[in-house]
Amino acid sequence: MVAKSDLVILLISDAAQAKMYPRLLAAMRPGTTLGLSHGFLLGVMRSNGEEFRKDINVIAVCPKGMGPSVRRLYEQGKTVNGAGINASFAVHQDATGTATEIALGWSIALGSPFTFFTTLEMEYRSDIFGERAILLGGVHGIVESLWRRYVRGGMSEEEAFRQTVECITGPINKIISTQGIKAVYDQFNAEDKKVFMQAYSAAYKPAKDIHYECYEEVQSVNEIRSVVMAGDRFDRFPMGKIDGTPMWKVGVKVRAERGQHTIKINPFTAGVYIAMMMAQIDTLREKGHSFSEVCNESVIEATDSLNPYMHARGVAFMVDNCSTTARLGSRKWAPRYDYNLSQQAYPAFDAKPAVDAELERSFLNNPVHSALAVCASMRPPVDISVSMSGTEGAGSARPELLTA
């Protein structure tokens with residue numbers, strides 16, 4: 001089929017791409033187009049010292065969300081104008097002079113309400129890094145570390161879950177999605193603003209330390225090699241469960257009792273979560289990424305595609321609805337974020353140092369707030385929510401979309 005196709009859209013797993021690309025590229029006719037859903041294959045080929053054939057187009061259209069979100073928001077687009085998952089597009093090679101038109105046509109067909117330009121290399125850097133950081137691995141590390149901290153401090157296990165996962169995926173997520181990051185800070189009273197900023201000051205640098213390490217592992221293609229090697233071990237060491245700890249078992253009970261408790265935003269939880277999000281934003285900007293890519297990979301994908309799945313059924317339901325590359329990365333990096341927060345950020349907060357004035361100014365005046373205001377003005381009038389057919393943990397889940 002590849003030899004007969006004018007457009008080959010390669011959606012097989014990353015590990016399969018790494019094994020099959022020599023045969024696939026050899027089968028393509030000159031003047032045809034290879035379409036990718038993200039830039040992983042470029043990283044694999046560069047790690048092998050190879051480049052794409054020059055006589056074919058190489059394009060990418062990369063939805064900024066997990067597969068189930070992409071499909072359900074696409075379906076919602078039949079009745080709700082602007083529904084859909086934003087996407088980036090890249091034209092890595094234009095052998096025919098029509099590669100850009102093909103990419104944009106594909107993005108429109110995907111139902112993306114907004115499509116922004118990037119390069120294949122910048123896409124795989126931000127994508128693979130982002131899912132290991134705030135999108136999946138980072139938020140997992142945050143809630144695990146905070147839950148243990150709150151329980152050790154005397155909070156009930158159920159209340160600790162409400163003050164971590166429910167707080168982030170509920171009111172914090174809603175405010176950031178519709179009003180931006182700074183709106184979370186603005187809604188606090190003076191005392192809660194102080195707690196927020198103390199938590200932010202304590203967590204920002206420990207989070208950014210891991211961000212930089214992770215980003216540079218991706219940039220150097222070490223992380224891509226790690227994914228390929230892990231795929232070779234799956235027959236002996238398949239991925240295990242990540243929601244078997246007491247925290248996630250408690251979460252089943254908490255979700256069943258929703259509506260009986262009011263979730264007020266915990267300023268400490270908010271400060272830690274937003275510190276990691278802002279540290280990721282600043283890392284990507286310092287590494288040369290555009291604001292459109294930064295906002296989508298650090299904020300919009302988290303609030304509008306991923307966090308609702310953790311809200312519905314826990315961390316495994318969020319992570320394991322994603323690609324194998326994302327699932328591996330989340331499992332690998334979540335413990336690193338957990339460790340740095342537990343070992344550095346929380347002890348720093350407990351020591352009650354003065355708020356880092358430079359970090360506070362940088363947060364309050366960060367230009368990303370203006371960028372997110374523009375994004376919010378173009379936000380589709382839908383929220384994605386996830387309901388289950390059958391009892392939780394005993395059947396398949398069916399994503400549903402509700403108008404905001």
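Visitor: Why are helices α6 and α11 called roughly perpendicular to each other?

Guide: Their axes cross at roughly 90°. Roughly perpendicular covers 65 to 115 degrees, with angles under 35 roughly parallel, over 145 roughly antiparallel and the rest oblique. So α6 and α11 count as roughly perpendicular. Their axes also come within 10 Å. An axis is a line fitted to C-alpha atoms, for helices over the stretch in contact, and angles run from 0 to 180 degrees between N-to-C directions.

Visitor: What kind of model is this, and how are residues numbered?

Guide: This is a predicted model, in which local features need pLDDT of at least 70 and side-chain atom pairs pLDDT 80 or more, while totals for chains, interfaces and linings use all residues. Residues are numbered from 1 along each chain as its sequence is written, and side-chain values use heavy atoms, with hydrogens and water left out.

Visitor: Which residues make the contact between α6 and α11?

Guide: From α6 come H140, V143, E144 and W147. From α11 come P246, M247, W248 and V250. Contact means heavy atoms within 4.5 Å. Helix α6 spans residues 137-152, and α11 spans residues 246-256. Both labels follow DSSP runs numbered from the N terminus: helices are H or I with at least four residues, strands E with at least two.

Visitor: How do the residues of that contact divide into nonpolar, polar and charged?

Guide: There are 6 nonpolar, 1 polar and 1 charged. Nonpolar means Ala, Val, Leu, Ile, Met, Phe, Trp, Tyr, Cys and Pro; charged means Asp, Glu, Lys and Arg; the others, Gly among them, are polar.

Visitor: At what angle do α7 and α12 pack?

Guide: The angle is about 65°, and the axes lie 10 Å apart. Helix α7 covers residues 157-179, and α12 covers residues 267-286. Their crossing is right-handed.

Visitor: What makes S298 buried or exposed?

Guide: Its relative accessible area is 0%, so S298 is buried. Buried means under 20%, exposed over 50%, and partly exposed in between, with a 1.4 Å probe and protein chains only. S298 sits in helix α13, residues 291-313. Beyond four places in sequence, S298 touches I134, M277, Q280, I281 and L284.

Visitor: How do you know that the side chains of S298 and Q280 form a polar contact?

Guide: They are joined at 3.2 Å. A polar contact is a pair of N or O atoms within 3.5 Å; within protein, one must be able to donate a hydrogen and the other to accept it, and residues adjacent in sequence count only if both atoms are side-chain atoms. The S298 and Q280 pair is such a contact.

Visitor: What about K208: buried or exposed?

Guide: Buried, because its relative accessible area is 16%. K208 lies in helix α9. Past its neighbours within four places in sequence, K208 is in contact with A279, D282, T283 and E286.

Visitor: And T325: buried or exposed?

Guide: T325 has a relative accessible area of 2%, so the residue is buried. T325 is found in helix α15. T325 touches D14, F40, E131, R132 and V227, leaving out residues up to four places away in sequence.

Visitor: Why is S5 called buried?

Guide: Its relative accessible area is 19%, so S5 is buried. S5 lies in the segment before β1 (7-10). Its side chain reaches the backbone oxygen of M1 at 2.7 Å.

Visitor: Where is G170, and what does G170 contact?

Guide: G170 is found in helix α7. Setting aside neighbours within four places in sequence, G170 is in contact with V165 and H311. At a relative accessible area of 19%, G170 is buried.

Visitor: What is the phi of V221, and what is that of K352?

Guide: Phi of V221 is near 65°, a positive value in a residue other than glycine. K352 has a positive phi of about 55° and is not a glycine either.

Definitions and conventions:
Left-handed = near helix turned anticlockwise from the far one by under 90°.
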